[in-house]
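Please open the structure in your viewer and keep the sequence at hand, as the stops below are meant to be selected one after another.

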Amino acid sequence: MISVSNVTMRYGQKLLFEDVSVTFTSGRRYGLTGPNGAGKSTFMKVLTGEIDAQKGTVVRPKKIGVLSQDQYAFDAYRVIDTVIMGNKPLWAALEEREIIYNKPELTDADGSRLGELEGIVGEEDGYEAESNAAILLQGLDIPDELHERKMSELQGGQKVRVLLCQALFGEPQALLLDEPTNYLDLDSILWLQDFLVRYNGTLITISHDRHFLNSVCTHIADIDYETIITYNGGYDDMVEQKTAIRSRIESQNEQREKKIAQLNDFIARFSAGTRSSQVNSRKKEVERLATTEMARSNIQRPYIRFEQKRPSGKHVLEIEGVSKAYEQKDGSPLQVIKEFTSSCMRGDKIVLMGRNGQGKTTMLKALLANAPGVTETDLSIDSGEVKWGHEAQVGYFAQDFKSSIELGMTVNDWLHQFDEDATKEDIRGILGQMLFKGEEGLKMTDALSGGEAARLLFCKLMLQKPNVLVLDEPSNHLDLEAINALNLALQKYEGTVLLVTHDLDLIDEVATRIWHFEGGPDDFRIEDFKGPYSEYKQQMEMAAK
């Protein structure tokens, strides 16, 4: 159990939350939600003890598993050791034991201390530590051959999975996970969901994955109205309950403001007359109402609408025998895509699925090597042919999307270059739809956060109005409100979509066709299923029986 009493946090003039008191009970799984900037990560750091609350107290259990956000902190350690370090008492005992054993001669005190340390190792299941850590690593798709490697040798996505194993290791009494599904593929997310549902301690997780929250959480702790309100159920249950609460709060705000207006009208009419006592009474009432201003919701909803300047031809894309390999560190080629042949029709919404590293991003970059309207440079194929159809115009959202934004320009100027006929009002309107308010169009592109850069890329796509959208992990760095807006926009879009995502709601609600990447270099294949994900999933389940 984690107990929070009268906790307040603010940054400068901005109040995040005030006098929050909430108890996170053992056996329950809480999703911590709220828009970007609401204070989710700040509150999580208060819970872990990384930072102190400006006011109030936090009571937490001794053994807490925390997902580390620093991918480079463990670069000097073996992967297996990094996981075991999640159990701090065990790791401290193992390190001290190693130091004593490395002494040239042992004293009686050393022998006594070794006995104590062996007792700690036994109590913490230290003799099975490496095998238990290996099971966690295998579950999150870190193969055995990497377990002895240094963390510095792993890719970013692999490091995140190892750090997730670190948080899960040692049966902590509470798990605090900040964006645990980032950089995980769908199979790893499903494994994590199953693990967390069976976890018996207190779970608190920040996530922008609606399906993950609905599948895992028994409760939602939502940061809004400068406080934290706990709701029963998953994310969709919270939205339904919160809508009713928000309507009531906003109705109370309106009634209070209407009452103030009526009182001020009375004061203005009779302040010079004979009703001085009544006027004074109403002035006091206005003062009372004005000093009890109710907190307002900090939710901001972007508006995404993808349109086409003109439709493409019926046959959008022809792919013939496309192959792509990369050179490995030892100089040998790694075949990622092998002789892939397919075609896309106007209106297809194709989701590319598969484990990380199986070639989904590589496939998009190969198809975009000669795509009309695409200016990114790291796009190529080794062999085969890609033909884009008549009138096809492509809008591209790269996984490394910040590299698509030229630095040293204002947001307005960068966006305007994609439609020089657009007026200042057009640019301002599109930026406003994606929550760039007031003078934020004058902000330099160098200063954009990850979320701001992603929203700016969507502004570009809305301004360009392409008839083909190629989107590689577009929901990264977006909050739930923005992801829901993207989901609806893609469903309504009448053009063609090629989409890489691990967001199950996007897959389930957008896809009309699935390219499932399977196997490895020696048995690479892509299953092309013409139909929605629900039908594809049903087919896979039947094949598995």
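Over the ring of which residue does the charged end of R455 sit? Select R455 together with F436: the charged end of the arginine sits over the ring of F436, at 4.8 Å from the ring centre.

Before moving on, colour the chain by confidence, bearing in mind that this is a predicted model. The mean pLDDT of the protein chain is 88, with 97% of its residues at 70 or more. Confidence is lowest in helix α10 (residues 276-290), where the mean is 75, and highest in strand β16 (residues 496-500), where it reaches 97.

Next, select strand β7, residues 202-206, in which 5 of 5 residues are buried. In a regular strand, side chains alternate between the two faces of the sheet. Here T202, I204 and I206 point one way from β7, while L203 and T205 point the other way, and all of them are buried.

Strand β3 (residues 29-33) pairs with β7 in the parallel sense over 4 bridges, and G31 has T205 as its bridge partner in β7. Strand β6 (residues 174-178) also pairs with β7 in the parallel sense, over 5 bridges, with L203 of β7 as the bridge partner of L175. If you then show helix α7 (residues 186-197), you can follow a right-handed β-α-β unit made by β6, α7 and β7.

For the last stop, turn to the aromatic side chains, which form 11 pairs. In one of them, the ring centres of F24 and Y30 are 4.9 Å apart and the planes stand at 90°, so the pair is edge-to-face.

Conventions: Residues numbered from 1 in each chain as written. Predicted model: local features only at pLDDT ≥ 70, side-chain atom pairs only at ≥ 80, totals over all residues. Heavy atoms only, no water. Buried < 20%, exposed > 50% of the residue type's maximum accessible area, 1.4 Å probe, protein only. Helix = DSSP H or I, 4+ residues; strand = E, 2+ residues; numbered from the N terminus. Pairing = 2+ DSSP bridges. Right-handed = clockwise from strand over helix to strand, strands pointing away. pLDDT = per-residue confidence, 0-100. Phe/Tyr/Trp six-rings, centres within 6.5 Å; stacked < 30°, edge-to-face > 60°. Lys NZ or Arg CZ within 6 Å of the ring centre and 35° of its normal.
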